[in-house]
Amino acid sequence: MSDVMGRVEEDGPLRVVAEVVARRPSGPYVTLVLAAPELAARCRPGQFLEVAVDVPGTLLRRPLSIARAEVGEAGSLGTVSLVVGPEGEGSAWLGRVRTGQQLDVVGPLGRAFPIPQRPATCLLVGGGYGAAPLHYLTEVLVPLGHRVDLIVGAATEDTLLHSIEAKRLAHSLRTTTDDGSAGLHGRVTDAMPAVLARGDVDVVYACGPNAMLAAVSTVATRAGIPVRVALEERMACGLGVCFTCVIPVRDRDDEVRMRRSCIDGPVMDGARVQWRALGLAGAVEAAERVDLAAAGTDAP
Amino acid sequence: MTGTNVDLTTRLAGLRLDNPIVTASGCFASGREMQRFVDVGRIGAVVVKSLTAAPREGLPTPRMVETPSGMLNAIGLQNPGVDAWLANDLPWLVERGATVVVSVAGDSVDDFAHVARRLRGVEGVAAIEVNLSCPNVEHRGLVFALDPQASAELVRAVARASDVPVIAKLTADASDVVAIARAVVDAGADGLTLINTVLGMAIDPVSGVAELANTYGGLSGPAIRPIAVRVVHQVHQALPDVPIIGCGGVRTVEDVVQFLRAGARAVAVGTGGFVDPFATETLREGLAAWMAEHGHTAVSDLVGTATVRDAG
């Protein structure tokens with residue numbers, strides 16, 4: 001893995017007050033597009049922003065992964081997009097934000113997905129609205145000459161996060177739903193064997209709920225493929241100082257240490273994260289039962 | 001430069017701070033993380049995250065839950081241990097000209113004294129803050145800061161082991177915090193930090209499960225500010241000569257001024273820095289501007305100036 005992956009270089013974070021220039025509801029989610037040229041130039045897929053919400057009695061910012069960053073060229077304004085989910089008061093407030101309103105954001109924060117240094121085949125797996133950064137990652141990987149296969153899952157069809165751009169750019173797109181209302185009836189891990197069976201996948205990237213990341217990491221590791229996941233853990237600061245968002249990770253010296261997902265992550269090596277210690281033994285065990293030889297179900 | 005003729009310096013337990021805005025222990029890690037936002041050398045003092053004799057990985061997650069105007073946390077003193085901190089973090093802070101106050105923690109009096117001894121004679125350690133909100137394993141896990149005798153014994157041991165000023169950080173959970181303050185000052189504390197977080201709990205109403213893995217956690221943020229201001233005032237009234245760092249829910253310049261008027265000589269920013277990573281800088285500059293606007297020339301002139309309403 002380490003020989004495939006380039007070093008991730010990130011510029012420091014900024015605090016900016018950015019205008020919302022577009023607002024796009026899609027199913028239960030809302031995409032907010034912020035005019036933030038300085039910010040956009042610094043963003044990398046996998047990083048997040050801490051967004052202040054104006055809800056009385058609410059103190060903390062909301063960490064939201066960056067769903068897209070477009071660097072403005074020749075007079076056009078650089079923008080950063082965020083996908084807001086439906087859960088929680090802060091998100092509900094963000095979902096009601098109107099075009100023209102200003103948002104106070106700090107970022108970009110955290111470590112981005114490392115980008116392969118030589119042409120590689122990348123399998124990107126996402127769940128729910130957590131899949132948003134994968135579309136951004138696709139937009140970064142494809143122009144660099146990497147092959148991208150995308151698997152996007154959700155509970156139901158209306159919670160599947162669609163991205164026309166990512167669909168257009170990716171070499172293949174598979175969708176899964178827990179209830180079978182769209183795509184493959186099952187979990188994202190059920191769609192992985194068909195892609196992995198090709199034998200050309202160099203790296204798996206994943207983002208979404210931690211249980212899904214545990215399952216994807218387990219399947220990728222069983223197949224002997226390096227896996228990088230963007231973790232979600234309750235965060236107070238997002239800056240590396242509060243130590244609330246820690247994840248148990250097995251370090252190179254074989255010791256398990258509590259790593260901050262805000263500053264040591266959110267992107268981490270899925271093979272090193274101690275999923276069982278996070279209470280996700282069920283997801284790991286289910287992924288251990290996934291039939292890696294089930295290539296016959298491939299129907300992208 | 002703030003562009004005003006305001007004297008922000010403050011004296012605290014033998015230290016002279018350039019300005020009264022300091023960081024609250026546990027809210028600024030070791031300082032390095034925040035250099036991306038603020039110059040640590042310009043903060044009144046950097047109070048680092050509590051250090052223990054051995055490294056600690058802390059408690060399982062969830063470690064945090066947001067509550068009205070605040071948050072509960074139960075981290076479990078995750079830290080690299082005093083030796084690793086001395087090797088890796090202190091030199092970095094010293095290089096940047098930071099005034100470093102080291103928070104020390106432990107399970108027993110000996111634990112604390114061990115850390116204090118390791119800090120003896122170390123250049124760049126300006127003072128020690130004793131985190132008395134630790135359970136004392138030799139006393140059925142009772143938190144030191146709840147008991148005047150245990151608090152005094154601990155502070156006495158740290159003061160004996162240390163060659164720098166010792167500041168005791170107390171909790172408002174004690175039934176008589178003034179009694180604890182007297183006890184630790186008599187035992188050798190050169191100053192007080194008031195207050196640590198307030199013990200709290202949140203329960204998921206649907207599942208009935210405690211939100212924090214540790215069940216209980218420390219409440220911080222503006223929710224506790226009035227409690228902190230009250231404790232600073234009470235202790236300052238009782239012990240007017242003892243320097244106090246006010247701490248609890250500071251977000252604005254007006255909050256800082258409240259603490260100064262209540263009797264604090266320095267004011268710590270904790271949870272507020274999570275929301276505004278530039279808080280130490282904006283509060284320092286904002287305080288100078290506020291003082292100039294309101295005709296105050298020196299921080300020391302504001303300390304302890306709170307008055308009470310006439311009963312009649």
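This report walks through a predicted model with chains A and B, from overall build to a few local details.

## Ground rules

Because the model is predicted, local features need pLDDT of at least 70 and side-chain atom pairs count only at pLDDT 80 or more, while totals for chains, interfaces and linings use all residues. Residues are numbered from 1 along each chain as its sequence is written, and chains are lettered from A, with ligands numbered from 1, in the order in which they are written.

## Chain B overall

Chain B has 10 helices and 16 strands. Helices (H or I, at least four residues) and strands (E, at least two) are DSSP runs, numbered from the N terminus. The radius of gyration of chain B is 18 Å, close to the 20 Å from the globule rule for 312 residues, so chain B is as compact as a globular protein of that length. For the record, that radius is taken over C-alpha atoms, and the globule rule is 2.2 Å times the number of residues to the power 0.38. The C-alpha trace spans about 50 × 50 × 40 Å along its principal axes.

Of the 312 residues in chain B, 57% are buried. Buried means 20 or more other C-beta atoms within 10 Å of a residue's own, exposed means 12 or fewer, and partly exposed is in between, with C-beta atoms placed from the backbone. Take the contacts in chain B between residues at least 6 apart in sequence: 71% of them join residues at least 24 apart. A contact here is a pair of residues whose C-beta atoms, placed from the backbone, lie within 7 Å.

## A four-stranded sheet in chain B

One open sheet in chain B has four strands in the order E5-E6-E14-E13, paired antiparallel. Two strands pair if DSSP finds at least two bridges between them. At the edges are E5 (64-67) and E13 (198-201) of chain B, each with a single partner strand, so one side of each is left without a neighbour in the sheet. From one strand to the next, the twist averages 40 degrees; the axes behind it are lines fitted to C-alpha atoms, and angles run from 0 to 180 degrees between N-to-C directions.

One pairing to look up is B:Met71, whose bridge partner in E14(B) is B:Ser220.

## Core and interface

The largest nonpolar core has 214 residues, and those touching the most other members are A:Val216, B:Val46, B:Ile128, B:Val155, B:Val158 and B:Leu170. Such a core is a set of buried Ala, Val, Leu, Ile, Met, Phe, Trp, Tyr and Cys residues joined through C-beta atoms within 7 Å. Helix H4 (residues 148-161) of chain B supplies the largest share, eight residues. Beyond its neighbours within four places in sequence, A:Val216 has contacts that include A:Val125, A:Val188, A:Thr189 and A:Gly270.

The contact between the chains takes 22 residues from chain A and 27 from chain B. On the chain A side there are 13 nonpolar, four polar and five charged residues. In this count, Ala, Val, Leu, Ile, Met, Phe, Trp, Tyr, Cys and Pro are nonpolar, Asp, Glu, Lys and Arg are charged, and the others, Gly among them, are polar.

## Buried pieces

Helix H5 (residues 188-196) of chain A is mostly covered, with nine of its nine residues buried. Its buried residues pack against elements of chain A including strand E7 (121-127), helix H6 (210-222) and helix H7 (281-288).

Over in chain B, B:Val40 lies in the loop between strand E3 (21-23) and E4. B:Val40 is buried, with 23 other C-beta atoms within 10 Å. Leaving out residues up to four places away in sequence, B:Val40 touches B:Val46, B:Leu93 and B:Arg96, among others.

Most residues other than glycine have a negative phi, and most peptide bonds are trans. A cis bond joins A:Gly107 and A:Pro108, with omega about -5 degrees, and A:Pro108 is in strand E6 (residues 102-109) of chain A. The bond from B:Thr61 to B:Pro62 is also cis, with omega near 0 degrees; B:Pro62 is in the loop between E4 (46-51) and E5 of chain B.

A:Asp254 is not a glycine, yet has a positive phi of about 75 degrees. With 6 C-beta neighbours inside 10 Å, A:Asp254 counts as exposed. B:Thr215, in the loop between E13 and E14 of chain B, has a positive phi of about 70 degrees.

Terms used:
Contact = placed C-beta atoms within 7 Å.
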